[in-house]
Amino acid sequence: MIKKLSKLTMVMILMGVFVVGAAVACQSLPEKNDEYGSWGVDWDGYRPNVKPPQNGDGEQPPNDDGGNSDGDSVPPDITKPVDKPVTYTAMIRSDTSNLNIRSAPSTSGRVVGSMDKNDMVRYEGLQNGWYKTVYKQQTAYIYAGNNYASIVYMKQGSEEIERIIAVGEELLGYPYVWGSQRYHWGNGVLNPNFVQGEYDCSALMQYIFYKGAGVLMELNTRTQVLQGKTVEKSDLKRGDVMFFTNDSRYDKTGVERVGHVALYLGDNYILHTASDHAVIEPISDKRHSYFIVAKRFV
């Protein structure tokens, strides 16, 4: 009887050690879900030769291997899911009015366009003190001297959204042509009378969404506004489509009040073609007052 009791006691002692050890192990786990997990910033979204920003979302991530302070690994069931890496697009922003865009990286290069203050174009590199970009589907250059232009960064959206935006960026500078021919008839059937480089606001949106992501948009703002998913202005995301009224349609009602459309890029910037040419620019106070609705197509 004493021999059997000794075995039982030994089993109970071992079980007690296991339970106590498990309790201690549980107490060593993080109390908050975000104490563990790994994250990082993927700089592949930058254009060539651009140094990542060193503040805000651009700060280099901490050396976090997903473990605790003693170097022990954390069980997979308590780790935080890894978020999609943040990527950025580098843009050239004009810091002055009437900034020339030239065909070559020199003051002898032909002037192919100009930028108002705070307008932006895509950054593609630096050559001999000139920023390289694309304008009217051609390589172009902007002087990189102080007080002329600077590099800024915009958070990217999904791959589909970035393809759409990339198509639009290559069309910057093309003149606004009211009532221009549409790329397709709203159903994907191509229009043989379409003229490359001629867009009004709705023709531009239809073109870039179709070429960038195969999304079918209708023929004008009054029919396009009936498509997509409605988005609150406070929930706008990069790639959403914004619809506005204008001076001539301000007093109209229903869809007849819609007179302009633009692609939202974030940071209060839109890509669109208005009265002069296709451009990336901030939304003015007046245009904000003309806002009607936003729609999400992707």
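Phe244 and Phe291 are both buried (under 20% relative accessible area, with exposed meaning over 50% and partly exposed in between; 1.4 Å probe, protein chains only). The model is predicted, so local features need pLDDT of at least 70 and side-chain atom pairs count only at pLDDT 80 or more, whereas totals for chains, interfaces and linings use all residues. Residues are numbered from 1 along each chain as its sequence is written, and side-chain values use heavy atoms, with hydrogens and water left out.

Across the whole structure, 13 aromatic pairs are found (rings of Phe, Tyr and Trp, the last by its six-membered ring, with centres within 6.5 Å; planes under 30 degrees apart are stacked, over 60 edge-to-face, the rest tilted). Tyr183 and Phe194 form an edge-to-face pair, because their ring centres are 5.1 Å apart and their planes stand at 85°. Both residues lie in the loop between helix H2 (159-169) and H3, 11 residues apart (helices, H or I, of at least four residues and strands, E, of at least two are DSSP runs, numbered from the N terminus). Tyr183 is buried at 14% relative accessibility, as is Phe194 at 17%. Phe244 and Phe291 also pair edge-to-face, at 6.0 Å between centres and 75° between planes. Phe244 belongs to strand E10 (residues 241-244) and Phe291 to strand E14 (residues 291-296), so this pair ties together parts 47 residues apart in sequence.

The structure holds 9 salt bridges (a side-chain nitrogen of Lys or Arg within 4 Å of a carboxyl oxygen of Asp or Glu). One of them joins Arg238 and Glu162 at 2.7 Å, N to O. Arg238 is in the loop between strand E9 (229-231) and E10 and Glu162 is in helix H2, so the pair connects parts 76 residues apart in sequence. Arg238 is buried, with a relative accessible area of 12%, and Glu162 is buried at 15%. In a further salt bridge, the closest N and O atoms of Lys286 and Asp247 are 3.5 Å apart. Lys286 is partly exposed at 47% relative accessibility, while Asp247 is exposed at 55%. Arg122, Glu124, Glu169 and Glu170 are linked in a network of salt bridges.

The lining of the largest pocket comprises 24 residues, with Tyr176, Cys201, Asn246, Gly259 and His260 nearest the centre (on a 1 Å grid over the protein atoms alone, a pocket is an open set of points where a 1.4 Å probe fits, with protein on both sides within 12 Å along at least five of seven lines; lining residues have an atom within 4 Å of a point). Helices H3 (201-213), H4 (221-224) and H5 (285-289) each supply at least two lining residues.
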